[in-house]
Amino acid sequence: MAFDINMIKGVYSKMAERVNKAREIVGKPLTLSEKILYSHLWDGAPVEAFERGKDYVDFAPDRIACQDATAQMALLQFMQAGKTKVAVPTTVHCDHLIQAKEGATTDLKHANSVSSEVFDFLESVSNKYGIGFWKPGAGIIHQVVLENYAFPGGMMIGTDSHTVNAGGLGMVAIGVGGADAVDVMAGMAWELKFPKLIGVRLTGKLSGWTAPKDVILKVAEILTVKGGTGAIVEYFGPGATSMSCTGKGTICNMGAEIGATTSTFGYDESMERYLRATERADVADAANTVKEHLTADAEVYANPEQYFDEVIDINLTELGPLLNGPFTPDLSTEVGVPMSEKAKANDWPLVVEWGLIGSCTNSSYEDLSRASSIAQQALDKGLKMKAELGINPGSEQVRYTAERDGILKVFEKLDAKIFTNACGPCIGQWARYNDPKNAPKNSIVHSFNRNFAKRADGNPNTHAFVASPELTAAIAIAGRLDFNPMKDKLINEEGQEVMFEEPQGWELPPKGFEVKDNGYLAPEADGSHVQVSVKDDSERLQLLTPFEPIGNSITGAKLLIKAFGKCTTDHISMAGPWLRFRGHLDNIANNTLIGAVNAFNQKTNFVKNQLTGDYGGVPDVQREYKRAGIKTIVVGDHNYGEGSSREHAAMQPRFLGVAAVIVKSFARIHETNLKKQGLLGLTFDNEADYDLIQENDTFNFIDLNEFAPNKSLMLEIVHEDGSKNTIKLNHTYNAAQIAWYNEGSALNLIKKQNTK
Ligand code: MIC
Ligand code: SF4
């Protein structure tokens, strides 16, 4: 048994007392999010009410999940923490390092051969420290977590931004950087700023072509990629209870795309059905005994405006299928004519070359069955695929069951490629081109969550649009971006006009789930004898050397890059081919900020070296500053570090000698990652000061020796002509986080405390 029912019962046994106490202290009815947060305080029962968006609070999460691309760095850090076992149930999932090319069998074999060093490392570290290990091919972390570990009312963290997917089963599940996970693995508290709360009231009912995916595509349009920052989004209302559990997972999953800390839904019958179908009747029975604490107090949902910081209303009956993109997940367009007009106006290619169904967002049994009902119609009506189709099932359990039930066969009859149960094309692990840099302009549609430039196939000219799995299937068959399956006819092989009927599907497999080998390896009870080896000359893995503190005197610093516009973690530390270096800091540092656009010349990976006057790649120029002993700063725009939880985006600049990152605003996980690695993450007090920064500037921190909570810092900018500006910079470091800075990193502090 992979999950721990006693742990879950332990959480529930304390819930009533803690929730009642919290209600008394807060002095009003509680939302579900507050119930979960207040029942997971590090210090036990609550004694004070926290101010949302302001107070830093210590929590005690119930579980941790890591995936292969982030677990390497997390575990390399944990190995330094001086512990013999993880303090909290933890799992590692191998899903990112598997390419999609030929199809599952060949691709998995290939991954197991080229990444064996990394998989073996992860397996042996897991075995040593009591961590559950999910082998390559077992499935995508968030689907596997939903199927095995998520439980209503629980709190978990995971080293992946889409950990939030588990909100579909009523959890508060939050994506973090590896260093945060290391704290909890090492038996310490996990700190989070008490979130603000956004309520989304769902009325009406989904029908026809509208899917749970469209709900979150709509929310993304309303809130934009930064509208959820620092908030938990809580969904409620009749529309919420009428949706499947995995559909709720889809909605929570893409909460990461609006910057939300997490999203969640109250416990309901769909969750109970899902728990029972995934062989967790005992969890459902236990949840039923504390039902009233697994959803908000009735008054909250009756008058949400009084209890949430913001309330959004969506009527599902009026919602239609949407396509979001290209290049950003919050740009929504309705299918058909609106898309046709917008595509023409913006010169987006109308011909669609690929439809991809999968990713942690939409790879459940229900997703595959609804998409296959469209594929079946294509076969029945004599339609030929106009685009190619690729499928990544979410887990081996989903795949095995879908194969047994004939779902995969339907796709195969349309010549679809069934890729491994893994992330694949969602994270650039798609061998679509030999040379993506020179690949032509084209459109693709997928059921994933992110569609940043180059994300799927490395081609900057690929326009990726996000849609529900059923719409993805229909558009791939039609081969046109502006196809409206509700109105448009297609011509079949016999020259007849045919139309699709509405998609149909099964929420859960009618004959139950089935799997032969789910790919799980339990750790040994005592792993102390297990040897973990990292070769000195490995190009994939490198043991870590602690960072030296940056210190409280930064003068004469140079500008490394002033990033223009969107700068996501993909721009700071690209994925795709670079995933292979996720366990080797020196090697992966060679991709640092190579995707960021230089504000002075609009080019990527082309910055001025102030020492020589020459231009070069960002990592090369930075290494030259480092050799010369010169500190540097990075400047950025809004929502800097949006996207992934990868701490590499903080560790690489730190490793290469960047001292401070100064931006208009940060994405939450990235800001914490910078703090954890002992860097300065600062924001302009006056956003317009971004414009003051020139290419040849030198920077002097004036009062860094007085670095303290709630106190701004002053920065002197010396321009090339000798003129100066002094600007005010803000920060959100509390006393403990300043201690990380002073020690060089949070890990340095843990080590110091453990050796005392
Ligand atoms: C992603 O979707 O961008 C990833 C790859 O899953 C990342 C984690 C990573 O960079 O390894 C995420 O979302 O956190
Ligand atoms: Fe994997 Fe994509 Fe999900 Fe990230 S978003 S975990 S890459 S499937």
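The lining of the second largest pocket takes at least two residues from each of β7 (190–193), α23 (668–676), β28 (680–684) and α24 (735–743), where helices (H or I, at least four residues) and strands (E, at least two) are DSSP runs numbered from the N terminus. The model is a predicted one, in which local features need pLDDT of at least 70 and side-chain atom pairs count only at pLDDT 80 or more, while totals for chains, interfaces and linings use all residues. Residues are numbered from 1 along each chain as its sequence is written, chains are lettered from A and ligands numbered from 1 in the order in which they are written, and side-chain values use heavy atoms, with hydrogens and water left out.

Back to that pocket: its volume comes to about 580 Å³. It has 34 lining residues, with Y56, K193, R668, E671 and T732 closest to its centre. Helix α23 gives the largest share, seven residues. Domain 1 (5–315) and domain 3 (554–755) each put in at least three, the domain bounds coming from an automatic or database domain assignment. Sorted by class, the lining has ten nonpolar, 15 polar and nine charged residues; here Ala, Val, Leu, Ile, Met, Phe, Trp, Tyr, Cys and Pro count as nonpolar, Asp, Glu, Lys and Arg as charged, and the others, Gly among them, as polar.

Pockets and cavities were both found on a 1 Å grid over the protein atoms alone: a cavity is a set of points where a 1.4 Å probe fits but cannot get out, a pocket is an open set with protein on both sides within 12 Å along at least five of seven lines, and lining residues have an atom within 4 Å of a point. Points are joined across faces, edges and corners, and a volume is the space filled by probe spheres set on them.

The largest pocket has a volume of about 1200 Å³. Of its 43 lining residues, K454, G458, M574, G576 and P577 lie nearest the centre. Both α4 (104–114) and α19 (569–572) supply at least two residues, and α4 has the largest share, with four. This lining splits into 21 nonpolar, eleven polar and eleven charged residues.

The largest cavity holds about 210 Å³ and has 23 lining residues, with Q67, H96, D160, I427 and R455 nearest its centre. The second largest cavity, at about 170 Å³, is lined by 18 residues, including A256, G259, G643, A667 and I669 nearest the centre. Helix α23 turns up here too, with the largest share of the lining, three residues. The second largest cavity lies between domain 1 (5–315) and domain 3 (554–755), because both give residues to its lining.

Then there is the packing.
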